[in-house]
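I opened my notebook to follow a few residues through one model. Here is what I looked up.

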Amino acid sequence: MVFPPTPDPASVRAPAARPQRAARIIEGQRRAIAFVFAFAALSIIAALHTWLSSIVVVGSLAGSVVVAFGMPESDMARSRSLLGGHAISCIAGIVVANVLRDSSLAGPVGVSIALLLMQSTATIHSPAGADPLIILACKGDWWRPVLVLLLGLLLISLLAQGYRRITAALEGTQPPDGTASP
């Protein structure tokens, strides 16, 4: 009986090592691209914040950037949740600010209403939970932070779409929106 020769251990492991190495390279590229997009988004938002002399809304938007570029496959990163969650939370904050004004319960009521509405509309976006508190801190002058939030969210949403397309092209897959990758 003749047995085939034993394969060289290096040749057996080489094919498995290549896909792992390629996956690590792609993941590194995804992280680098996420860094660039997050930095660009927050730099522009910070400039808007300074230009409009708005109170700090960058914290809320920074959380959105982390979700959009750090967890792009999550439900919270969907445009519906990103834009809808912030819109609902801002409206809740504005209404509560006008009804409860200086009450110590205004913050808890605003955030709780925002949560309830986001759950009811399937637009959960955790960073948006801070929006009612930002609105309340404005003491009636809420248009500037809302404008920065709106412009910042549009920017994040556009950059997130670009990020998903670029990373899909890196991986040779189709972007989640159904369009063919370049």
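Which residues does histidine 125 touch, not counting residues up to four places away in sequence? I found Ser64, Val67, Met76, Ser81, Leu82, Gly85, His86 and Met118. Contact here means heavy atoms within 4.5 Å.

I noted the ground rules next. This is a predicted model, where local features need pLDDT of at least 70, side-chain atom pairs count only at pLDDT 80 or more, and totals for chains, interfaces and linings use all residues. Residues are numbered from 1 along each chain as its sequence is written, and side-chain values use heavy atoms, with hydrogens and water left out.

I then placed histidine 125. It lies in the loop between helix H4 (106-120) and helix H5 (131-137). Helices are DSSP runs (H or I, at least four residues), numbered from the N terminus.

Histidine 125 has 0% relative accessibility, so it counts as buried. The classes are buried under 20% relative accessible area, exposed over 50% and partly exposed in between (1.4 Å probe, protein chains only).

I looked at its polar partners. The side chain of histidine 125 makes a polar contact with the side chain of serine 64, at 2.8 Å. A polar atom of the histidine 125 side chain also lies 2.9 Å from the backbone oxygen of methionine 76. For a polar contact, I needed a pair of N or O atoms within 3.5 Å; within protein, one must be able to donate a hydrogen and the other to accept it, and residues adjacent in sequence count only if both atoms are side-chain atoms.

Last, I turned to alanine 122. It sits in the loop between H4 and H5. Alanine 122 is partly exposed, at 43% relative accessible area.

Note on methods
Helix = DSSP H or I, 4+ residues; strand = E, 2+ residues; numbered from the N terminus.
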